[in-house]
Amino acid sequence: MTGLQAVGLRAARKAWREVDPAWISESWQSVLPSLRPVVESLQYRAAVDATEYGAFALADQGLYVPPVAFADPAGFVGRAPDGRPLDGLLYSPATQAKTLIGAGVAPEKAVSAAGSRLEAMIRSVVADAARAAASVDIATRPGVGYVRMLVGTSCPDCVILAGRFYRWNAGFMRHPSDDCIHVPSTSAQAGTVATDPYEHFAAMTEAEQDEFWGAGNAQAIRDGADISRVYNSRRGASKKRMTTTEGTAKRRGFAQRGRLTPDGIYAQAKSRDEAVELLKRHGYIHADQRVRGMEIVRREGFGAMGRGGARVGARQAVEQARMTGVRTGSRATMTAAERRLNDATGRWDAVRQGRNPYTRNGAGLTPEVAASV
């Protein structure tokens, strides 16, 4: 994919050099007809590679699940990642350049800045064609989901998602210039810098860890804290980063006084043992977590309805789904979103049958109830 992106960047730079700062729209519109076919051909090639990649990626893991249908690479051509026609996206750097000039930026600088935006767009449309095609290929293979793999320069947002397994229909969380890719699989992966946040962390020197994660956060991870919980603590952090509102709803005792961040814990703790105890108390180390060096081992739960396995029916439904790779419609194996949709559909079916979905015998259906449903 990076090779295809490089071809696209060269074509974009060559085309953008034809833009006249005095006639931005006119000069860019005259060049666009020659750039668009190049971008479309790169989207097509990226989609072809992605649809071919799935079978080999599974085989490399000792797995193979045949597809029930084949993705059509042509379906991923001619559109921007947000769904709009490619023409509109490719024209937008000209609009940006004129907007910057209107704001007082020198024409040459405005055109240069817009050219950088064009390059970012090219990288994105090629990568997204590949990602979209890969996701469709995954959807055609029963029981197959995907693992997120790091590629190129990674940020903390990408690192904490590395190696996680997602169901076939789970959205791919990404940000601009995100190079992460889908890796088809049937389970989570770990053990490499590209698929394991802890291996990525361990591959750095302490100085690099401190710079990348922040000194307090890095020390918490070295002391065994969960890397995702540490990173998420930045949300709602106070100005001095000593406390955070993140996670206080789940930990009622912190609602009034605030929950300590890793920085706050290390500023307060008088020893490492005390720091580790505070990391546990403030929810950065899982209660069911064992730490072996940089390796974190956790029990897989039984979902929101399983009560940790205490509900026998829910537990058995989840275990059966894991064993077979097929969900039979049990609420215990649904995601929260699927349960909401299932419940909403059931209520609407009741209304269409003239029943009140909120009463035991269906009596008392009113226009207000029907409208609310």
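Modeller: One term before we start. A crossing is right-handed if the near helix is turned clockwise from the far one by less than a right angle, and left-handed if anticlockwise. Also, this is a predicted model.

Colleague: Fine. Which way does α3 pass α4, left-handed or right-handed?

Modeller: α3 passes α4 in a right-handed crossing. Helix α3 covers residues 86–102. The two axes come within 8 Å and cross at roughly 155°. Angles over 145 degrees count as roughly antiparallel, so α3 is roughly antiparallel to α4.

Colleague: Which residues of α3 and α4 make the contact?

Modeller: From α3, the contact uses Leu86, Leu89, Leu90, Ser92, Pro93, Gln96, Ala97, Leu100 and Ile101. From α4, the residues include Pro107, Ala110, Val111, Ala114, Leu118 and Ile122. Arg117 and Met121 of α4 are also among them.

Colleague: How do the residues of the contact of α3 with α4 divide?

Modeller: Into 16 nonpolar, two polar and one charged.

Colleague: What about α1 and α4? How do their axes cross?

Modeller: At roughly 150°, with the axes coming within 9 Å. Here α1 is residues 2–16 and α4 is residues 107–139. That angle makes α1 roughly antiparallel to α4. The crossing of α1 past α4 is right-handed.

Colleague: Which residues in α1 meet α4?

Modeller: Leu4, Gln5, Gly8, Leu9, Ala12, Arg13 and Trp16. Among their partners in α4 are Val111, Ala114, Leu118, Glu119, Ile122 and Arg123. The residues of this contact of α1 with α4 divide into ten nonpolar, three polar and three charged.

Colleague: Is Leu35 buried or exposed?

Modeller: Buried, because its relative accessible area is 3% and the cut-off for buried is under 20%. Not counting residues up to four places away in sequence, Leu35 touches Ala11, Ala12, Ala15 and Trp28.

Colleague: Switching topic. Where is Gly264?

Modeller: In helix α10, residues 262–268. Gly264 counts as buried too, at 4% relative accessibility. Gly264 and Leu278 are 14 residues apart in sequence and 9.9 Å apart in space, C-alpha to C-alpha.

Colleague: Now α7 and α8. How do their axes cross?

Modeller: At roughly 120°, and the axes come within 6 Å. Helix α7 is residues 206–213 and helix α8 is residues 215–222. The two are therefore oblique to each other. α7 passes α8 in a right-handed crossing.

Colleague: Which residues meet there, in α7 and α8?

Modeller: Glu206, Gln209, Asp210 and Trp213 in α7 meet Ala215, Asn217, Ala218, Ile221 and Arg222 in α8. The residues of that contact divide into four nonpolar, two polar and three charged.

Colleague: Let's zoom out. How many helices and strands does the protein have?

Modeller: It has 14 helices and seven strands. The protein has 373 residues, and buried ones make up 40%.

Colleague: Last one. Of contacts between residues at least 6 apart in sequence, what share joins residues at least 24 apart?

Modeller: In this protein, 57% of them.

Technical notes. Residues are numbered from 1 along each chain as its sequence is written. This is a predicted model: local features need pLDDT of at least 70, side-chain atom pairs count only at pLDDT 80 or more; totals for chains, interfaces and linings use all residues. Side-chain values use heavy atoms; hydrogens and water are left out. Axes are lines fitted to C-alpha atoms, for helices over the stretch in contact, and angles run from 0 to 180 degrees between N-to-C directions. Helices (H or I, at least four residues) and strands (E, at least two) are DSSP runs, numbered from the N terminus. Angles under 35 degrees count as roughly parallel, over 145 as roughly antiparallel, 65 to 115 as roughly perpendicular and the rest as oblique. Contact means heavy atoms within 4.5 Å. Ala, Val, Leu, Ile, Met, Phe, Trp, Tyr, Cys and Pro count as nonpolar, Asp, Glu, Lys and Arg as charged, and the others, Gly among them, as polar. Buried means under 20% relative accessible area, exposed over 50%, partly exposed in between (1.4 Å probe, protein chains only).
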